[in-house]
Amino acid sequence: MTVNLLDFDLEGLTAFCEQLGEKRFRAVQLFRWIHQKGASRFDEMSDLAKSLREKLPSVCSISGLPVLSRQDSADGTIKWLFDVGDGNAVETVFIPEDDRGTLCVSSQAGCAVGCRFCSTGHQGFSRNLTTGEILAQLWHAEHFLRQHLKSSERVVTNVVMMGMGEPLQNYSALVPALRAMLDDHGYGLSRRRVTVSTSGVVPMIDRLAKDCPVALAVSLHAPNDQLRDVLVPINRKYPIAELLDACLRYLPAAPRDFITFEYCMLDGVNDQPEHAAQLLDLVRHHGGQGVPCKFNLIPFNPFPDSGLKCSPRPVVQAFARTLSEAGIVTTVRKTRGDDIDAACGQLAGDVMDRTQVARRIAAAQPIRFVHPAKE
Ligand code: SAH
Ligand code: SF4
């Protein structure tokens with residue numbers, strides 16, 4: 001098997017070129033052809049020395065992912081299903097808005113965290129994606145969209161690692177992919193336009209701050225450990241207080257001066273006024289000074305057999321009002337790509353479960369509403 005150049009950030013590509021006896025500027029040229037121009041063949045790289053163009057195909061390739069399907073939503077959202085081999089497939093979603101184009105990228109085939117309200121979590125876990133498989137989603141989407149929209153400008157302006165998988169459980173593949181997204185010779189995205197969303201892998205939040213600080217979104221979903229233990233099982237390992245400490249440590253390195261907390265609104269489970277009050281208490285007082293944050297409330301997107309319902313609209317709105325009136329910027333996420341099941345938490349791809357996650361979730365007790373005051 002030859003080396004796939006999509007597996008490298010610029011530093012990695014430079015090292016690879018050096019092994020071939022080529023100088024760094026050759027790596028920069030190659031990197032630009034691949035990521036800025038979307039090249040997949042060496043013979044189109046007109047400014048590369050002919051001898052190099054002829055040598056490269058025998059030692060490496062630029063291999064994207066086979067597209068199993070593409071679905072276009074009435075609202076402009078586009079969802080791709082990419083084949084990652086061995087019966088696994090992952091999904092990527094493009095969400096156009098007036099002032100930006102956001103690509104929601106997957107990091108794993110499945111996910112081992114097993115959140116109760118997440119379709120990916122219910123599927124279990126197969127494997128980590130490689131750097132090349134993570135970048136191939138952006139590479140394909142960007143260059144497909146440029147052609148499709150006849151645009152010579154960048155189309156994907158923001159990347160959110162909010163597709164399938166827990167990005168911080170695939171750290172070593174994630175970081176070079178992020179670096180290629182940020183690199184001026186790659187996609188040139190600013191750190192604030194690349195967001196890693198995590199269920200709360202505390203040690204990796206600390207490492208990300210050092211290795212590649214980008215915008216951080218934390219999937220909170222519950223205001224107390226008892227409830228979060230059930231909804232986001234990784235909480236049993238890294239409880240809320242430790243998670244918020246990690247958020248505070250991350251902020252000095254972060255490109256934004258706040259953390260985004262995501263909160264999936266589940267009818268009768270985590271959406272009561274008491275939960276909002278507990279949340280406020282947490283983020284205003286944790287560590288003495290509180291955690292600078294914004295809230296993004298995500299109406300639960302149902303999927304078969306979840307056993308959960310979305311909070312009614314007035315409940316979501318009342319919850320948002322409570323947080324806003326306390327001075328915390330709170331948005332309610334609009335659902336996009338409804339007609340193609342491209343909304344948050346609906347990405348299921350196709351995963352060969354190699355763990356017990358799916359079985360464990362299926363066997364779990366139904367979630368009952370626990371009144372915070374009685375905990
Ligand atoms: N594993 C990471 C990123 C992928 S999930 C994480 O959990 O943060 C992206 C976001 O969608 C997370 O906030 C996740 O909790 C949320 N989500 C998952 N399932 C959902 C569902 N069915 N409805 C609404 N949001 C959901
Ligand atoms: Fe994994 Fe995120 Fe889904 Fe939880 S919400 S199961 S961490 S993808």
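How many helices and strands are there in the protein? There are 12 helices and 14 strands, taken as DSSP runs numbered from the N terminus (helices are H or I, at least four residues; strands are E, at least two). This is a predicted model: local features need pLDDT of at least 70, side-chain atom pairs count only at pLDDT 80 or more, and totals for chains, interfaces and linings use all residues. Residues are numbered from 1 along each chain as its sequence is written, while chains are lettered from A and ligands numbered from 1 in the order in which they are written.

**Overall dimensions**
- The C-alpha trace spans about 75 × 40 × 40 Å along its principal axes.
- The radius of gyration is 21 Å, which agrees with the value near 21 Å for a compact globule of 375 residues (taken over C-alpha atoms; the rule is 2.2 Å times the number of residues to the power 0.38).

**Around ligand 2**
- The residues surrounding ligand 2 are Cys111, Val113, Gly114, Cys115, Cys118, Thr120, Gly121, Gly165, Glu166, Ser199 and Ser219 (C-beta atom, placed from the backbone, within 6 Å).
- This shell holds 4 nonpolar, 6 polar and 1 charged residues (Ala, Val, Leu, Ile, Met, Phe, Trp, Tyr, Cys and Pro are nonpolar; Asp, Glu, Lys and Arg charged; the others, Gly among them, polar).

**Helices H10 and H11**
- The axes of H10 (residues 273-285) and H11 (residues 313-325) come within 10 Å and cross at roughly 25° (lines fitted to C-alpha atoms over the stretch in contact; angles run from 0 to 180 degrees between N-to-C directions).
- H10 is therefore roughly parallel to H11 (angles under 35 degrees).
- Pro273, Ala276 and Leu280 of H10 meet Phe319, Thr322 and Leu323 of H11 (contact: C-beta atoms, placed from the backbone, within 7 Å).
- The contact residues divide into 5 nonpolar, 1 polar and no charged.

Key
Parallel < 35°, antiparallel > 145°, perpendicular 65-115°, else oblique. Contact = placed C-beta atoms within 7 Å.
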